[in-house]
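Please keep the sequence and the structure in view while reading.

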Amino acid sequence: MKFSAAFFILLLAIAPPAIAENTMTDAMKVEQQAMQSVSKSRLASFLTTPKVTTPKTSPVVYSREWLSRQPAGKGDDSFQCLAEALYFEARGESVKGQFAVAEVILNRVDSPDFPNSVCGVIHQGTGRKYACQFTYTCDGRKEVIGEPIAYARAAKIAAITLKGTARPLTEGATFYHTLHVKPRWAKKFEKTAAIGVHQFYRMPTRTAQN
């Protein structure tokens, strides 16, 4: 009958000293035999610290070529709202320009001065003609997606930005306007970037006296 090393070690707790010494020797022999039955490569795997690989996310490249290689965009209500906003507000812009508009929307979500959700930010003021934050939501015209390729690009950008990618393009901007208009607030806000036909701005920092 064969006994495991664990069995011999258990006997040590109840055996007299002389018997314990002999039992320990037997246990060591059993353990040595067990080790010899294991291949060297298997033993090495026990002694080697496993490598932990951190998943790498590819950096964003603001080009149509790079974007074309990304998976189709899909997601929840936040994704739908952002994809539609990029399509109706900036589908004529470059990939970089659309990413910049997405940054503004997400910067607003993070700001205490605006609603704390993507859909809340986009539809703030909706229902009051020309009093909304994003013109397409209150211009009185029905939103129809007539350019599926342009929407597919906007959807990819929406999905990518919602994953929490860096926002280096607008330096924290929460406002933008096209070159065709000159809103009064633009004179008071700090201009942070100009991309395509859009100018980007950041609100002045509030102080304790404000």
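## Disulfides

Cysteine 132 and cysteine 138 are both buried, where buried means under 20% relative accessible area, exposed over 50%, and partly exposed in between, for a 1.4 Å probe and protein chains only. The model is a predicted one, in which local features need pLDDT of at least 70 and side-chain atom pairs count only at pLDDT 80 or more, while totals for chains, interfaces and linings use all residues. Residues are numbered from 1 along each chain as its sequence is written, and side-chain values use heavy atoms, with hydrogens and water left out.

A disulfide is a covalent bond between the sulfur atoms of two cysteines; here it is assigned to a pair of cysteine sulfur atoms within 2.5 Å. By this rule the count is two. Cysteine 132 is joined to cysteine 138, with an S to S distance of 1.8 Å. The torsion about their S-S bond is about -60°, so this disulfide is left-handed. Cysteine 81 and cysteine 119 form a disulfide with sulfur atoms 2.1 Å apart. Cysteine 81 belongs to helix 5 and cysteine 119 to helix 7 (residues 118-122), so the pair ties together parts that are 38 residues apart in sequence. The torsion about the S-S bond of cysteine 81 and cysteine 119 is about 100°, so that disulfide is right-handed. Cysteine 81 is buried, at a relative accessible area of 12%. With bonded cysteines counted along the chain, the disulfide pattern is 1-2, 3-4.

## Strands

Helices (H or I, at least four residues) and strands (E, at least two) are DSSP runs numbered from the N terminus. Two strands pair if DSSP finds at least two bridges between them. Strand 1 and strand 3 run antiparallel and are joined by four bridges; tyrosine 176 has phenylalanine 200 of strand 3 as its bridge partner.

Strand 3 also pairs in the antiparallel sense with strand 2 (residues 190-195), over five bridges. Here alanine 193 stands opposite phenylalanine 200. The hairpin of strand 2 and strand 3 has two residues between the strands, and glycine 196 takes a positive phi near 65° in this hairpin. Strand 3 (residues 198-202) is mostly covered, with four of its five residues buried.

## Helix 6

Helix 6 is mostly covered, since 14 of its 16 residues are buried.

## Pockets

On a 1 Å grid over the protein atoms alone, a pocket is an open set of points where a 1.4 Å probe fits, with protein on both sides within 12 Å along at least five of seven lines; lining residues have an atom within 4 Å of a point. Grid points are joined across faces, edges and corners, and a volume is the space filled by probe spheres set on the points. The largest pocket has a volume of about 920 Å³. It is lined by 32 residues, and Glu89, Phe134, Thr135, Tyr136 and Thr178 are the closest to its centre. Helix 5 (77-90) and strand 1 (175-178) are the elements that give two or more residues to this lining.

The second largest pocket holds about 240 Å³ of space. Its lining has 14 residues, with Gln70, Pro71, Ala159, Ile160 and Lys163 nearest the centre. Helix 8 (residues 148-162) gives the most to this lining, with three residues.
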